[in-house]
Amino acid sequence: MAAATAMAAAADGDDARCVRLSAERAQALLADVDTLLFDCDGVLWRGETAVPGAPEALRALRARGKRLGFITNNSSKTRAAYAEKLRRLGFGGPAGPSAGLEVFGTAYCTALYLRQRLAGAPSPKAYVLGSPALAAELEAVGVACVGVGPEPLQGEGPGDWLHAPLEPDVRAVVVGFDPHFSYMKLTRALRYLQQPGCLLVGTNMDNRLPLENGRFIAGPCAPGQEAGGRARALSPPADRVPLCPAGTGCLVRAVEMAAQRQADIIGKPSRFMFDCVSQEYGIDPERTVMVGDRLDTDILLGVTCGLKTILTLTGVSTLGDVKRNQDSDCVAKKKMVPDFYVDSIADLLPALQG
């Protein structure tokens with residue numbers, strides 16, 4: 001409540017940011033906007049349950065002729081799977097051959113990145129620490145995949161692990177969310193990365209794994225985000241005590257540490273993610289809004305790319321987090337402040353029904 005009061009007071013200033021998006025303000029904003037880009041987890045749904053009022057809000061936006069896009073750091077689903085979930089939970093969207101064209105996940109965008117970087121390479125392969133969905137998106141652009149699934153230790157000790165056979169023609173190690181991440185996989189990834197020209201790519205640096213009902217799993221030493229998608233160590237606020245290491249960023253950091261090199265990061269807040277959307281959508285940044293629940297990914301991406309930004313309070317970040325960023329002397333933190341905030345994207349409904 002104190003944070004909300006502080007935000008309201010700040011809204012009286014000429015340079016105010018993070019203003020509550022009232023129905024009147026929302027009407028004015030939407031009049032100047034063609035495209036709205038939404039994060040998914042914590043914004044549209046929690047687990048398999050839609051945020052109350054969110055499907056109605058998006059259907060109303062579609063009825064108004066607004067173009068919608070969905071940008072997610074989750075690499076565990078294909079575009080088609082996300083499109084099916086959007087329709088199943090009542091958000092609408094194209095079906096048939098066009099299904100998934102609104103969705104830009106890190107699995108799909110990682111595939112686009114590797115298609116660019118490995119162009120001309122004969123029969124390229126990637127060693128994937130990630131999901132079958134991530135592998136499917138890579139294979140759809142001609143990059144064969146190895147490594148998906150559990151991989152037990154081979155032999156009796158480190159000497160045996162270092163002599164396990166490697167696949168030929170592996171030109172990239174791709175790290176996504178992998179519940180089967182293990183020491184054996186880490187060792188194999190390191191061996192591939194020691195080969196000349198092998199790329200290291202991370203789908204995202206999220207340190208928390210969102211769960212249902214607003215809960216999350218996070219690493220006690222997991223990284224935060226700096227502008228440009230790079231990781232930076234952060235101490236969590238006292239009121240947000242993390243539980244255990246789990247987010248994809250923790251896995252990327254492990255591989256980076258072992259290989260002593262930085263990964264190319266695809267997901268938010270990396271600009272590459274927005275470039276993927278822009279190239280397929282032909283977006284005018286000045287007439288585009290980014291809606292998300294995380295300051296260090298969604299909002300930072302929007303600010304970096306010149307988009308209008310809306311923070312929804314149904315997910316990870318809070319108004320307290322915003323206030324800390326506003327009060328910080330750190331330039332990078334000050335960028336992680338949205339133009340507007342809503343309790344839920346259902347708050348858009350009065351502006352759409354007026």
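Are Trp-45 and Tyr-82 buried or exposed? In this predicted model, both Trp-45 and Tyr-82 are buried. The close-up views below begin with these two residues.

**Figure 1. Overview of the predicted chain.** The model is a prediction, and its chain contains 14 helices and 18 strands. Of the 354 residues, 52% count as buried. Among contacts in the chain with a separation of 6 or more, 74% are between residues 24 or more positions apart.

**Figure 2. The aromatic pair of Trp-45 and Tyr-82.** The chain has eight aromatic pairs. In one of them, Trp-45 and Tyr-82 are stacked, with 6.0 Å from centre to centre and 20 degrees between the planes. Trp-45 belongs to strand β3 (residues 45-46) and Tyr-82 to helix α4 (residues 79-88), so the pair ties together parts that are 37 residues apart in sequence.

**Figure 3. The aromatic pair of Trp-45 and Phe-91.** Trp-45 also pairs with Phe-91, in an edge-to-face arrangement with a centre-to-centre distance of 6.0 Å and 65 degrees between the planes. This pair links distant parts of the chain, as Trp-45 is in strand β3 and Phe-91 is in the loop between α4 and β6 (103-105), 46 residues away. Trp-45 counts as buried because its relative accessible area is 1%, under the 20% limit. Phe-91 is likewise buried, with a relative accessibility of 0%. Together, Trp-45, Tyr-82 and Phe-91 form one aromatic cluster.

**Figure 4. Charged side chains over aromatic rings.** Lys-77 is placed over the face of Tyr-82, at 5.7 Å from the ring centre. Tyr-82 is also a member of the aromatic cluster with Trp-45 and Phe-91. In a further arrangement of this kind, Arg-79 lies over the face of Phe-104, at 5.0 Å from the ring centre.

**Figure 5. The packing of helix α5 with helix α10.** The axes of helix α5 (residues 106-117) and helix α10 (residues 271-281) come within 10 Å and cross at roughly 85 degrees. Angles of 65 to 115 degrees count as roughly perpendicular, and α5 and α10 are therefore roughly perpendicular to each other. On the α5 side, the contact is made by Thr-106, Tyr-108, Cys-109, Leu-112, Tyr-113 and Gln-116. Helix α10 contributes Phe-272, Met-273, Cys-276 and Glu-280. The residues of this contact comprise seven nonpolar, two polar and one charged.

Key. Residues numbered from 1 in each chain as written. Predicted model: local features only at pLDDT ≥ 70, side-chain atom pairs only at ≥ 80, totals over all residues. Heavy atoms only, no water. Phe/Tyr/Trp six-rings, centres within 6.5 Å; stacked < 30°, edge-to-face > 60°. Helix = DSSP H or I, 4+ residues; strand = E, 2+ residues; numbered from the N terminus. Buried < 20%, exposed > 50% of the residue type's maximum accessible area, 1.4 Å probe, protein only. Lys NZ or Arg CZ within 6 Å of the ring centre and 35° of its normal. Axes fitted to C-alpha atoms, helices over the stretch in contact; angles between N-to-C directions. Parallel < 35°, antiparallel > 145°, perpendicular 65-115°, else oblique. Contact = heavy atoms within 4.5 Å. Nonpolar A, V, L, I, M, F, W, Y, C, P; charged D, E, K, R; others polar.
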